[in-house]
Amino acid sequence: MIEASVPLSRRRNCTFCGTLVDSNGIGTFQLADGWLENRRKGGANTIAIVHRRDVFACHECIDRLRHGIPAGQMHLFDGVARDES
Ligand SMILES: [Zn+2]
């Protein structure tokens, strides 16, 4: 839930479910492109030269994707039709 005090310039819609999110808010995800360096033994990769895109997602949708559940699926059970494309 976004707070009423969030300025319009920071308000975005989750790309998956349409929920209004604060682009600077804690827990909001932002799509980014970057460069990953190949490591000899794998492990954590550092992302260099990150380019943030103006695409945002709510924490709930990213959690569902992390668990293999299509993002925005919960809304199907709420009786709210969403564009899943
Ligand atoms: Zn969402």
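**Entry 1: Ile 49**

I began with Ile 49 and placed it in strand β4, residues 47-57; helices (H or I, at least four residues) and strands (E, at least two) are DSSP runs, numbered from the N terminus. I noted that phi of Ile 49 is near 50°, a positive value in a residue other than glycine. Is Ile 49 buried or exposed? Ile 49 counts as exposed because it has 7 C-beta neighbours inside 10 Å. The rule I used: buried means 20 or more other C-beta atoms within 10 Å of the residue's own, exposed means 12 or fewer, and partly exposed is in between, with C-beta atoms placed from the backbone.

**Entry 2: basis**

I am working from a predicted model, in which local features need pLDDT of at least 70, side-chain atom pairs count only at pLDDT 80 or more, and totals for chains, interfaces and linings use all residues. I number residues from 1 along each chain as its sequence is written.

**Entry 3: overall layout**

I listed two helices and four strands, in the order β-β-β-β-α-α from the N terminus on. Of the 85 residues, 13% count as buried. I then looked at contacts, where two residues qualify if their C-beta atoms, placed from the backbone, lie within 7 Å. Among contacts between residues at least 6 apart in sequence, 40% join residues at least 24 apart.

**Entry 4: β3 and β4**

I found β3 and β4 paired in the antiparallel sense over six bridges; strands pair if DSSP finds at least two bridges between them. How many of the eight residues of β3 (residues 29-36) are buried? The number is zero, so β3 lies largely in the open.

I took Gln 30 from β3 and found its bridge partner in β4 to be Phe 56. Gln 30 counts as partly exposed, with 15 C-beta neighbours inside 10 Å. Leaving aside neighbours within four places in sequence, Gln 30 is in contact with Arg 52 and Phe 56. I also checked Gln 30 against Cys 58: they are 28 residues apart in sequence, and their C-alpha atoms are 9.0 Å apart.

**Entry 5: Thr 15**

I located Thr 15 in the loop between β1 (11-13) and β2 (20-22). Thr 15 has 16 C-beta neighbours inside 10 Å and therefore counts as partly exposed. Beyond four places in sequence, its contacts are Val 55, Phe 56 and Ala 57. From Thr 15 to Leu 31, 16 residues along the chain, I read a C-alpha separation of 9.8 Å.

**Entry 6: the core**

Which residues make up the largest nonpolar core? I listed nine: Cys 14, Phe 16, Cys 17, Val 21, Phe 56, Ala 57, Cys 58, Cys 61 and Ala 71. A nonpolar core is a set of buried Ala, Val, Leu, Ile, Met, Phe, Trp, Tyr and Cys residues joined through C-beta atoms within 7 Å. I followed Phe 16, which touches Ala 57, Cys 61, Ala 71 and Gly 72, not counting residues up to four places away in sequence.
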